Amino acid sequence: MSSIFTQVRQKEVPGHVLYQDAQVFSILTIGPHAPGHLLVIPVEEYADVLAIPDETYIHLFRIAKGMMIATKSLYNPPRVALMIAGLEVEHAHIHVFSLFQNEALDHNAILSVSPAALLEEATKIKAYIDGHPLV
């Protein structure tokens with residue numbers, strides 16, 4: 001069975017796809033640490049980041065860097081966090097989010113966000129990407 005991320009990408013379940021190409025895609029997380037918290041994910045499902053082939057791995061991080069630039073531009077945080085955890089879903093992914101304080105790195109400190117607020121964040125990020133290509 002496909003991961004929840006793949007199901008979002010394929011529009012089988014609700015979600016916000018921010019970017020996609022043949023190798024990777026990006027979605028807004030439903031458990032954000034900060035507004036605009038997103039995930040960068042390989043299209044092919046790998047349980048562990050270490051299993052990703054080098055070409056895809058490099059592209060994954062190139063897109064993650066572009067998403068970090070978008071996050072910095074849109075939210076103006078002191079830092080942008082990049083985190084690989086991946087215990088919740090067995091589909092390797094990178095978290096990208098604004099970091100205003102180190103306590104935000106705690107997965108137990110996620111924000112409660114309405115579907116309307118997620119749509120607003122997704123719209124903002126997609127508009128930025130449309131004007132600033134990631135690659």
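Me: Hi! Where does Asn76 sit?
Reply: Hi! This is a predicted model, and in it Asn76 is in the loop between helix H2 and strand E4 (79-83).

Me: Is Asn76 buried or exposed there?
Reply: Asn76 counts as exposed, because its relative accessibility is 59% and the cut-off for exposed is over 50%.

Me: And what is its phi like?
Reply: The phi of Asn76 is positive, about 50 degrees, although Asn76 is not a glycine.

Me: Okay, which loop is Lys11 in?
Reply: Lys11 belongs to the loop between H1 and E1. Lys11 also has a positive phi, near 60 degrees, and is a residue other than glycine. With a relative accessibility of 66%, Lys11 counts as exposed.

Me: Which residues of H3 are buried?
Reply: They are Leu118, Glu121, Ala122, Ile125, Tyr128 and Ile129. Looking down the axis of H3, you find these buried residues within an arc of 130 degrees, so they line one face of the helix.

Me: Why would residues a few places apart end up pointing the same way?
Reply: An α-helix has 3.6 residues a turn, so residues three or four places apart point the same way.

Me: What covers the buried residues of H3?
Reply: The cover includes E1, E2, strand E3 (38-42) and helix H2 (54-75).

Me: And which exposed residues are on the face turned away from the buried side?
Reply: On that face H3 carries Ala116, Glu120, Asp130 and Gly131.

Me: You mentioned E1 and E2. In which sense do they pair?
Reply: Strand E1 (residues 17-20) and strand E2 (residues 24-28) are antiparallel, paired over three bridges. Together E1 and E2 form a hairpin, with three residues between them.

Me: Last topic, Thr6. Is it buried or exposed?
Reply: Thr6 is buried, because its relative accessible area is 3% and the cut-off for buried is under 20%. You can find Thr6 in helix H1 (residues 4-9).

Me: What is Thr6 in contact with, beyond its neighbours in sequence?
Reply: Leaving aside neighbours within four places in sequence, Thr6 is in contact with Phe25, Val43, Glu45 and His91. The side chains of Thr6 and Glu45 are also joined by a polar contact of 2.5 Å.

Notes
Residues numbered from 1 in each chain as written. Predicted model: local features only at pLDDT ≥ 70, side-chain atom pairs only at ≥ 80, totals over all residues. Heavy atoms only, no water. Helix = DSSP H or I, 4+ residues; strand = E, 2+ residues; numbered from the N terminus. Buried < 20%, exposed > 50% of the residue type's maximum accessible area, 1.4 Å probe, protein only. Polar contact = N/O pair within 3.5 Å; in protein donor to acceptor, adjacent residues only side chain to side chain. Contact = heavy atoms within 4.5 Å. Pairing = 2+ DSSP bridges. Arc of directions from axis to C-beta.
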